[in-house]
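Thanks for coming. I will take a few minutes on one model, beginning with a loop residue and then moving to the helices.

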Amino acid sequence: MARPRKFDADAAIDAAMDTFWTKGYTATSTDDLAEVTGMLRGSLYNAFGSKRRLFELALRRYRDKGAAGQNAIQAGLTPLERIRQLMLSGVDRTVADRRGCLAVNTVTELAGADPDLSALARQSFTRLEAALVEVVEDGRARGDIRVDRPARLLARQVMSAFHGLLVQAKAAYDVQSLHETIEAVVADLRA
């Protein structure tokens, strides 16, 4: 009779997600994953099959948790302030930990090497875009956000600026210049 598993798969995926997010897919070794999950290499492979499969599960967890930003769009603030806070919180977190966005990191690292993982990472972008469209439409209904461009285009403009700012924050750009750029993006949305 097979012995029952003695590990928490969710905790292992979370630990792997944090490691991949910090180090990247390529730089994360199986030994790194064994260490952070508390599992032996063989047990890791028995449980998850491969490093790639564990990364896929970690990337799905990241997407499902809304870590790419959509959960950072806080209710209770004006639409423009929600956009500002999304961008500020992401940039400030990245300045502090240099991790950026796991979805952006994945696409920039693996786009040419693994289109399936890149497509999975893009699902986080799709969710963030949909959340931003809702915020833009809410801002329009309140008379705060410009109406001369489609809401989806404005959402994509914000998302593109946000992701670029996260990359710049990872590269240790001056935080004041990053904050000034956020203010320019928000100002460009005003009605």
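**Loops, then helices**

Arg 98 has a relative accessibility of 36%, so this residue counts as partly exposed; that class lies between buried, under 20% relative accessible area, and exposed, over 50%, with a 1.4 Å probe and protein chains only. Before going on, the sources: this is a predicted model, where local features need pLDDT of at least 70, side-chain atom pairs count only at pLDDT 80 or more, and totals for chains, interfaces and linings use all residues. Residues are numbered from 1 along each chain as its sequence is written, and side-chain values use heavy atoms, with hydrogens and water left out.

Back to Arg 98, which sits in the loop between α5 and α6. Its phi is positive, about 60 degrees, although Arg 98 is not a glycine. For background, most residues other than glycine have a negative phi. Ala 172 is another non-glycine residue with a positive phi, near 65 degrees. Ala 172 is in the loop between α8 and α9, and at 48% relative accessibility it counts as partly exposed.

Now the fold. The protein has nine helices and zero strands; helices here are DSSP runs of H or I with at least four residues, strands are runs of E with at least two, and both are numbered from the N terminus. The C-alpha atoms fill a box of roughly 65 × 35 × 30 Å along the principal axes. Of the 191 residues, 46% are buried. Among contacts with a separation of 6 or more, 67% are between residues 24 or more positions apart, a contact being heavy atoms within 4.5 Å.

α8 has 20 residues and spans 29 Å from first C-alpha to last, close to the expected 28 Å; the expected span is 1.5 Å times one less than the number of residues. Its buried residues include Leu 154, Val 158, Phe 162, His 163 and Leu 166. They pack against α5, α6, α7 and α9.

α9, residues 175-189, reaches 22 Å, close to the 21 Å expected. Which residues of α9 are buried? They are Leu 178, Ile 182, Val 185, Val 186 and Leu 189. Seen down the helix axis, these buried residues fall within an arc of 95 degrees, so they line one face of α9; the arc is taken from the directions from the axis to the C-beta atoms. What covers them includes α5 and α8.
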